[in-house]
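Morning, everyone. I have one chain to walk you through today.

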Amino acid sequence: MRPTAKFSISFGLVTIPVAAYNATDTSASVSFVRIHTADGGRVHNQPVCSLEGVEVSPDEIGRGYRPHDADVVVPLSDEDLDALPLPTAKTLTILAFVAGGDIDPLQMGKGYYLATDSPAAAKPYVLLREAMERHERVGLGKIALHGRETLAMIRPMGDALVMQVLLWPHQIRPMDGVLPEREVEVHPNEVAAAETLMDSFGELSEEDLHDHYREALDELVSAKLAHREPEFDTGEEQPSGGQVMDLMAALQDSVRAAKRSRGEDEGDEGRAAAKRPAKKAAAKTSTASGTKTATKSGAKSGTKSGAKTASGAATKSAAKKSTAAQSATKKTAAKTTAKKKTAGRGSRRAG
């Protein structure tokens, strides 16, 4: 692997000569060539002069710059560009150390592995890497690559340093026309259902990080060359992207579909519930037993209390009846005595 650029990292008064290597391989992605549909011939991009209309050889091609306020192109030679007072042409000066989360992912561009470019650079290289790793910070600076100055982020990655090219803030477009036109209210139960759906996705697998489109394309090309029908591994049917009418129902259906995709079903849920910790089961049994005992005890207590209450009421009623009977007997005896006395007085008067 050949380096694409060589420069130095300036860390205060410490200088670290490094070589930058491409960290990504765009050639591994799917790419197409343009052809003439009539006969299948390749269509090439030919460098043609717009004034003469003739093809131009590579050694006759140079660079020019068109100012924003003029409709002219100014030719610039390599000597002109080398004469620019640009300290970042050969040095990446670290301007600040910030938390990695402070960098907007929209600004991140191409990545480069940084390797030491001299034996003396090994110790300051490792020192900078370990200091950023322990401090949990990344370095921000500026560097000129391929004739353009750009922001760059230096960060530790394993035992190496990695440089990530960053876009300038003015290169990030505003979000005009992106947000919903009206305010949308999301209920807490809907957020909870969405979180449940997120949890049901599980971890990424090696199969998820596989370029299935490239494999299908290779099969299609092989089938055309062999004059046969392509054989595709369709896998699971993907859900259609229809209009969402009931958001909660769609979330719940999505959770069930995610579980089915992992081979889970209601039976698995039941078995999982049966394998819960013994403490939970014991707690449930204890609670149920306590409830039953309390119910029985309450029933017995209520029966005894009711019996006692009825017995007491009957005793009081009998006592009242007995008292009333005694009172009636006394009254009857008093009346009889009074009549006798009256009769005695009448008899004496008559004699």
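First, the ground rules. This is a predicted model, where local features need pLDDT of at least 70, side-chain atom pairs count only at pLDDT 80 or more, and totals for chains, interfaces and linings use all residues. Residues are numbered from 1 along each chain as its sequence is written, and side-chain values use heavy atoms, with hydrogens and water left out.

Now the overview. The chain has seven helices and nine strands. Those are DSSP runs numbered from the N terminus: helices are H or I with at least four residues, strands are E with at least two. Of the 351 residues, 15% are buried. Buried means under 20% relative accessible area, exposed means over 50%, and partly exposed is in between, with a 1.4 Å probe and protein chains only. Next, contacts, meaning heavy atoms within 4.5 Å. Take those between residues at least 6 apart in sequence: 59% of them join residues at least 24 apart.

For angles in general here, axes are lines fitted to C-alpha atoms, for helices over the stretch in contact, and angles run from 0 to 180 degrees between N-to-C directions.

Let's walk along part of that order. Strand β2, residues 14-22, pairs with strand β6, residues 108-116. That pairing is antiparallel, with five bridges. Y21 has Y113 in β6 as its bridge partner. Then β6 runs antiparallel to β9, again joined by five bridges. Look for M108 there, opposite L166 in β9.

Is β9 mostly buried or exposed? Six of its seven residues, in the stretch 160-166, are buried, so the strand is largely enclosed by the rest of the structure. Its partner β8, residues 148-157, pairs with β9 in the antiparallel sense over seven bridges. M153 sits opposite Q164 in β9. A152 sits opposite V165 in β9. The hairpin of β8 and β9 has two residues between the strands, and G158 in that hairpin takes a positive phi near 65°.

G139 stands opposite I154 in β8. This is a hairpin too, with two residues between the strands. H146, in the turn, has a positive phi of about 55°.

Stay in β8 for E149. At 29% relative accessibility, E149 counts as partly exposed. What does E149 touch, leaving aside neighbours within four places in sequence? The list is L86, T88, K142, I143, A144 and W168. W168 is 19 residues from E149 in sequence, and their C-alpha atoms are 9.9 Å apart.

Now two loop residues with positive phi. E136 has phi near 55°, and E136 is not a glycine. Find E136 in the loop between α2 (122-135) and β7 (138-145). E136 is exposed, at 61% relative accessible area. H227 also has a positive phi, about 55°, without being a glycine. H227 lies in the loop between α4 (212-225) and α5. H227 is exposed as well, at 76%.

Last stop, the helices. Two packed helices are described by the angle between their axes and the distance between the axes. Here, α3 (residues 188-200) packs on α5 (residues 247-261) at about 15°, with the axes 9 Å apart. That makes α3 roughly parallel to α5. The cut-offs: under 35 degrees is roughly parallel, over 145 roughly antiparallel, 65 to 115 roughly perpendicular, and the rest oblique.

Which residues meet? From α3, we have N189, E190, A193, A194, T196, L197 and S200. From α5, they meet L247, M248, L251, S254, V255 and A258. The residues of this contact divide into eight nonpolar, four polar and one charged. Nonpolar covers Ala, Val, Leu, Ile, Met, Phe, Trp, Tyr, Cys and Pro; charged covers Asp, Glu, Lys and Arg; the others, Gly among them, are polar.

That's the tour. Over to you.

Terms used: Pairing = 2+ DSSP bridges.
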